Amino acid sequence: MNSAYVYLQLYRMFDSNTPIPADCGKLCSAACCSGDDAGMFLFPGEIEVYKLLRPEGFRIELSDLEYKDGSETRKTPILFCEGKCDRYVRPLACRIFPLTPVLDDDGRISIIVDPRAKRVCPLAKTMYIDEFDSGFVRAVRRSFLLLSKNRHVRAFLDEYTRYINEFNRFFR
């Protein structure tokens, strides 16, 4: 699988699909793009996009989030920006913010409001999933239904779901 190509195609789904039909960054002065810890996880294979495009203003580090992929343990890359970027080179996690994928108890993809977003995003603090633009939610769901067919992404989502569930304990 050419993962850079797959991600670039998925990115296009979010050129016109956004959480609400307005620039939500104006509500919070783009809080999700500021701060020293304003990084976003890269999903498995997504790092290939940044090796290909080499956009300025980004740095990639390995996070502490590890997942088992077969017999290997992998660290999840995290992309940091300088607070402003070309909208078309944002990673998938930025494009779907403040939503995130998790696996339900039956192993199916579920899209939820990211509990980590609730400390910075007015939408995450005040809206339920069914209040977001329905086209946006469908695009997020379709993206991860496709990505979850890849065994590396599936392995990541298993651990990522546990990670997100730890945050959810504090926001119920």
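Tutor: Let's start at R54, which sits in the loop between α3 and β2. These names come from DSSP runs, numbered from the N terminus: helices are H or I runs of at least four residues, and strands are E runs of at least two. The model is predicted, so local features need pLDDT of at least 70 and side-chain atom pairs count only at pLDDT 80 or more, while totals for chains, interfaces and linings use all residues. Residues are numbered from 1 along each chain as its sequence is written, and side-chain values use heavy atoms, leaving out hydrogens and water.

R54 has a phi near 50°, a positive value in a residue other than glycine. With a relative accessible area of 66%, R54 is exposed. (Exposed means over 50%, buried under 20%, and partly exposed in between, using a 1.4 Å probe and protein chains only.)

On one side of this loop comes β2. An open sheet of three strands runs in the order β1-β3-β2, with antiparallel pairing. Its edge strands, β1 (39–41) and β2 (58–69), each pair on one side only. On average, neighbouring strands in this sheet are turned by 30° against each other, direction ignored. Two strands count as paired if DSSP finds at least two bridges between them; β2 and β3 (residues 72–81) have nine, in the antiparallel sense. One of the residues involved is K68, whose bridge partner in β3 is T73. Across β1, β2 and β3 lies α7, running at about 90° to β2. Such angles run from 0 to 180 degrees between N-to-C directions, with axes fitted to C-alpha atoms, for helices over the stretch in contact.

The buried residues of α1 (residues 3–12) are S3, A4, V6, Y7, L10 and Y11. Seen down the helix axis, they fall within an arc of 160°, so they line one face of α1; the arc is taken from the directions from the axis to the C-beta atoms. This buried set packs against α3 (47–53), α4 (92–96), α6 (134–147) and α7 (151–168), where contact means heavy atoms within 4.5 Å. Y5 and R12, on the other side of α1, are exposed.
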